[in-house]
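Please look over the points below with the model open.

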Amino acid sequence: MYSAKWHRLDNAAKIFPPSTTKDDTKVFRFCCELHEDVDAETLQRALNTSLEQFPFYRFIIRRGFFWYYFEKSDIQPQVREEYKPPCAPLYDVNRANLLFELNFYRKRINLELYHALSDGMGALQFLKTIVYYYLLEKYRGIIDNNIRLEDNNASNEQRSGDAFDKYYSKEKSVKIPKLPHAYRIKGERLPESRLGIIEGHISAAALLQKTHEYHATMGEFLSALLICSIHDGMKVRDENRPVSLTIPVDLRRYFATPTARNFFSVINVSHNFAVQGKNFEDVLAQVRLSFKAQLGPEKIYERLNQLSSLEHALPIKVVPLAVKVPVLKNAAWKAEKEDSAAFSNIGKITMPAEMTPHIRSFCMTTCTKRHQVCITSFEDNLVISFSSPFISSDVQRAFFRTLSSFGLDIEIVSNTEELGAPHVVLS
């Protein structure tokens, strides 16, 4: 039985509480769209059952003398129909509340989660488990009760484990290099810290075929396309600053762990249009070099040690949290200057074959102070989700127009018109 009463925040989580603001809530949303409307009572029972396997998700954040920490709670989450904007605040330093919510709207099940609790892949484990139990009950007698989710054999302790701490070694790490200030998109922002969300639904097979024509992976191809789409709106005098993307890397691909907490690193991919060329092929070549240089196992392990060594340093350990908070805020502010946008490729999502006919798609959206792109695919439905705080959708329009020019059919879904922002068109 899982009986832990409290946990330290993992290495990645420590930056989130002090840097959370109303404009940057550090909340992301994972969504599963079904082919039929969601039944609230069945979804509530599925959530209750799933929490037995993910008890860590019922923890809250407390403020300690040296660090923030997680504390077990008895709060019972309630499923609700969607009632507030996507990625609205979940963490409040003055309130003890859960760090996730489950809501629904028509055919969509929405899991919203505060990033200190978990990353995208950890949240996906939780959402897939919820959908699994929902469909088992909803289609009892149609779906075999004996089917199982893949990779769902971990214990509660393993899912709640701190993988950063497990794999950190005391080997001397190389200093993290300082990156140049990146080009920053500016513009009028949506009111009330709202997010403009634009989703492009596209055939995964057709897009993969196109990326292979360029001898690239899907991540490389779409990263290069995003960089070019940002460049499309740049002034010539700004081209001496690199367009830089922050790209999260799921460390579970490199280290064997079933943790449902944070376990990710980041790489930085950039292109300077003033000196490295302006064509898509020029950008893609530079992106491929960056991916190859930073995604080797040795580099990944080196980066993990770089980040973990900071929190294990004795001078940092003994400094009170009141002193750490402004330092962490400043570190987050400096990191923001090193990127123009963020790109997250969750990749292919699978569910048991008996359940796939009842599911249309998965997608992910995250709160952001700049443009953020999240890629998910389920069966042949690949979803490219843009989130942005800006009224203008020029970057999104350039991105999807270019994809369309490659002969790819795209279905666009967005909330921009209801927010008073222009709708994306491909023509």
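1. In β4, E71 is the bridge partner of I60. That bridge belongs to the antiparallel pairing of β3 with strand β4 (residues 68-72), which runs over five bridges. Two strands pair if DSSP finds at least two bridges between them. Helices (H or I, at least four residues) and strands (E, at least two) are DSSP runs, numbered from the N terminus.

2. This is a predicted model, in which local features need pLDDT of at least 70 and side-chain atom pairs count only at pLDDT 80 or more, while totals for chains, interfaces and linings use all residues. Residues are numbered from 1 along each chain as its sequence is written, and side-chain values use heavy atoms, with hydrogens and water left out.

3. The order β1-β4-β3 describes an open sheet of three strands with antiparallel pairing. β1 (6-8) and β3 (59-63) are the edge strands, each with a single partner strand, so one side of each has no neighbour in the sheet. From one strand to the next the twist averages 30 degrees.

4. A second open sheet has five strands in the order β5-β6-β7-β2-β12, and its pairing is mixed. Its edges are β5 (80-81) and β12 (359-366), each with a single partner strand, so one side of each is left without a neighbour in the sheet.

5. Within this sheet, strand β2 (residues 27-34) pairs with strand β7 (residues 108-114) in the antiparallel sense over seven bridges. The bridge partner of C31 in β7 is N110. Helix α2 (residues 40-51) packs on the sheet and touches β6 (100-105) and β7; contact means heavy atoms within 4.5 Å. The direction of α2 makes about 155 degrees with that of β6. Axes are lines fitted to C-alpha atoms, for helices over the stretch in contact, and angles run from 0 to 180 degrees between N-to-C directions.

6. Helix α6 (residues 204-213) packs against helix α7 (residues 218-231) at about 80 degrees, with the axes 9 Å apart. That makes α6 roughly perpendicular to α7 (angles under 35 degrees count as roughly parallel, over 145 as roughly antiparallel, 65 to 115 as roughly perpendicular and the rest as oblique). A204, L207, L208, K210 and T211 of α6 make the contact with M218, F221 and L222 of α7.

7. α7 also packs with helix α12 (residues 394-405), at an angle of about 130 degrees and with the axes 8 Å apart. The two helices, α7 and α12, are therefore oblique to each other. F221, L222, L225, L226, S229 and I230 in α7 meet V395, A398, F399, T402 and L403 in α12.
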